[in-house]
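Please examine the sequence and the structure shown below.

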Amino acid sequence: MHATPSQLAVPGQSSGRSHELLHPFSYSHPNTSKASDISIGVQSTSTTAQSSPWDHQELTHQQRPEGRSTARATARGINRVASKAPSITSCATSRSRSRAPSVRARSRAPSPTPLRSHIELPNTFPIAPSPTQNTLAIPTTDTVPPTPESLPPIPTSLLNEETLWPILTIPRYDDCPTIPNERAYWSLRPVTLTFPNAKVPDDWISCTHPEGRLYFYHPEKRIYTDADVREHKIRAILAAFEARLHGMIREQSLELPPNYELVMYLESRPVSGGYNWLYYYVDRKTRSLFWLNEYDIFTILDPDLPCIRTLSDIKYGIEAQYWTHCEMYPYNHEMSDEVFLELSGILTFASTDMVTSMTSTVTYRSDDVHRMLGLVKSAKGMYNPCYTGHHLSRLMGLFAHQRYLNRYGQTYARLGRTQSVLDTKKHPKTPLITLLSPLFWNAPEVHLRALEKIWIDGIITIEPWSGFIGKLQNEWQEFVLYSTVLLNANVAFLAIPSVGDGSKQLSAAQISSNLSIVTSVGSILLGLLLVRQHRVKSRDTAHDAWRYLSSRKHPTLGLETLAIIYSLPYALLMWAMVTFLLAFSFECFGTPDRVGVFFFGAVWIAIAILVGWCIFTGWESSETTLMSTLRAWRMRLFREKDGDGDNDTSSGEGSSDVQSLEEKLVARRWMTRIFKHGVFPHSNDRPITEMQERASSTV
């Protein structure tokens, strides 16, 4: 059954159903992160299957047959290679007609028609040129323009597609036509100066995207399509497609907004044949997309962002898809001065926020934002409006998508990169990391906290991820170097004649040194493996980083296993150092010289105190410091007794209780002095917030 308007969530009202339906002209939200520096928990980017309402179709969750992902290509790089020199057989044969052809040319059988590529030239009706149209020289062919009687019949199955598929964005970057790798023979007429495309029907306009893709626009009907309307079969399918949409409008008595735009896309099915009919409508006034079908709202939204309170939460998600439409089809989308001013304001604020805040929600570096601002200023003077529209639409779409992820315009908007907008309980630590963290010198918990700060609400940005991985790679390289030095020191230590007593049994010093060698080699191997893994399989985009973390996240352990793996080179290096010092201590204290033993002991005790002091002050095992942990233990140990049972005690028991209470008060007073005014005078200072840090940094 179809949902009624009362079933949609309105501001300030929570939905009583677990699933909501979007009515025609309702907002949806983007299912991809485009080519931006931010990614969310999205794996499936295809839309829901919907049919015509006049066929009594119910809401389904099936995927369109042989459908391709609608995700934008994450990498836009083009391989620039030098073109090879043409061979003798592939040289052009454009010679003067008065010149006698060579023997080789005469021996070749002439081709009646040039070989066609995989994308056939159009079969269009002959249209006489207009008086103002110049007759251009074109490649010579011996073919006769087709007539309506000579065109092959179109299969009825291609014109009677049962299902119409609403989409958010066209799969242009995933549905790429190809041509056969065969040589085509062409002969140019004399004085051929222009090389136009094949004849386009008069009611369509051919447009070239700044990236190079050819698409078509119908000015009267305001229809955009990537399908080649120069082919008679494609035009017939699009006409049937449009008739189906108009029939749905009449059937449902829908009133479309004025000056709407329609995008129709024919997605080919290579296996079963035919096309999937994909479409969406655009309203330029409200910067939104809409459809003629009702479908489940949660099949469009991201799996990791299901908490939608009102439809206003996905307003900027829909706007991001509107700007993607303008980016895909920049023709007839001229940017007004309001768009220039709006984008300039967004970029100016982003640049200021990146400079003054360490937890800014902007996903680009300050230098990149500054360059974007300069490009926007220079784009205003471009001669071709298509380049201007494409440039501004891409930037507006990126920032609109970020606003959607941060719940821009809501009372629960994300104000910092490390802030979560979802009321979810923190994943408790499992016994695995609780037991291994002290053995690994608390490094796993440090890495785990860093990973949890990077991945908030299933959202990851490339800037903190790149900084985190860059620091880890530098640390792993340093650990490999230190382990190599320590390995050489152990080999030199075992070469000392006095280390072994000459018997077959190993001494304590030899056993400790051998353990140090094993842990050093383990640190070297793990460090090299981790560095190579993150260099060979570089995760330079937010989508790659999100996919990597998602594959490493355990259902029960979460990211604990990844944090433990990242801490192994450091942990093994520390144990290699400890075992080497232990072997050296066995050699030092094994001498019969008592003076030397006492001297070594004094030095070892002093060094141990300094090392313990450093560990004590730099404790990072949890969110709280070691001082806070000891203070909690102190309060638990010296907790005062309740006064309810004091009246029931005897005089002797009361005196003993008073004495023990006084002793506890004295001990508590001394502990308070030590912790407050002793070695650590600033242990009780309140943490500095980000606003206080900004204020102090500007003074």
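In helix α4, the residues Y316, G317, E319, A320, W323, C326 and E327 meet H390, S393, R394, M396, G397, A400, H401, R403 and Y404 of helix α7; contact here means heavy atoms within 4.5 Å. By class, this contact of α4 with α7 has seven nonpolar, five polar and four charged residues. In this classification Ala, Val, Leu, Ile, Met, Phe, Trp, Tyr, Cys and Pro count as nonpolar, Asp, Glu, Lys and Arg as charged, and the others, Gly among them, as polar.

The model is predicted: local features need pLDDT of at least 70 and side-chain atom pairs count only at pLDDT 80 or more, whereas totals for chains, interfaces and linings use all residues. Residues are numbered from 1 along each chain as its sequence is written, and side-chain values use heavy atoms, with hydrogens and water left out. Helices (H or I, at least four residues) and strands (E, at least two) are DSSP runs, numbered from the N terminus.

Two packed helices are described by the angle between their axes and the distance between the axes. Axes are lines fitted to C-alpha atoms, for helices over the stretch in contact, and angles run from 0 to 180 degrees between N-to-C directions. The axes of α4 (residues 315–328) and α7 come within 8 Å and cross at roughly 165°. The two helices α4 and α7 are therefore roughly antiparallel to each other; angles under 35 degrees count as roughly parallel, over 145 as roughly antiparallel, 65 to 115 as roughly perpendicular and the rest as oblique. The crossing of α4 with α7 is left-handed, a term used if the near helix is turned anticlockwise from the far one by less than a right angle, while clockwise gives a right-handed crossing.

Helix α7 (residues 385–405) also packs with helix α5 (residues 337–356): their axes come within 11 Å and cross at roughly 50°. Hence α5 and α7 are oblique to each other, and their crossing is left-handed. From α5, the residues V339, F340, E342, L343, I346, L347 and A350 meet T388, L392, L395, M396, F399 and R403 of α7. This contact of α5 with α7 comprises 10 nonpolar residues, one polar and two charged.

Attention now turns to the strands. In a regular strand the side chains alternate between the two faces of the sheet. How many residues of strand β9 (residues 275–283) are buried? Nine of its nine residues are buried, and β9 is mostly covered; buried means under 20% relative accessible area, exposed over 50%, and partly exposed in between, with a 1.4 Å probe and protein chains only. Y275, W277, Y279, Y281 and D283 point one way from β9, and N276, L278, Y280 and V282 point the other way.

Two strands pair if DSSP finds at least two bridges between them. Strand β4 (residues 163–166) pairs with β9 in the parallel sense over three bridges, and W165 has L278 of β9 as its bridge partner. Strand β8 (residues 261–268) pairs with β9 in the antiparallel sense over eight bridges, with E267 opposite N276. The hairpin of β8 and β9 has six residues between the strands, and G273 in the turn has a positive phi of about 85°. Strand β10 (residues 288–290) runs antiparallel to β9 and is joined to β9 by three bridges; here V282 stands opposite L289.

Strand β6 (residues 214–218) has five of its five residues buried, so β6 is largely enclosed by the rest of the structure. On one side of β6 lie L214, F216 and H218, and on the other Y215 and Y217. Strand β5 (residues 205–208) pairs with β6 in the antiparallel sense over four bridges, and C207 stands opposite Y215. Strand β7 (residues 223–225) also runs antiparallel to β6, with three bridges between them; T225 in β7 is the bridge partner of F216.

Finally, two loop residues deserve attention. S253 is not a glycine, yet S253 has a positive phi of about 55°. It is found in the loop between α3 (232–252) and β8, and S253 is exposed, with a relative accessible area of 63%. D457, also a residue other than glycine, has a positive phi near 55°. D457 lies in the loop between α9 (443–454) and β12 (460–461) and is buried, with a relative accessible area of 13%.
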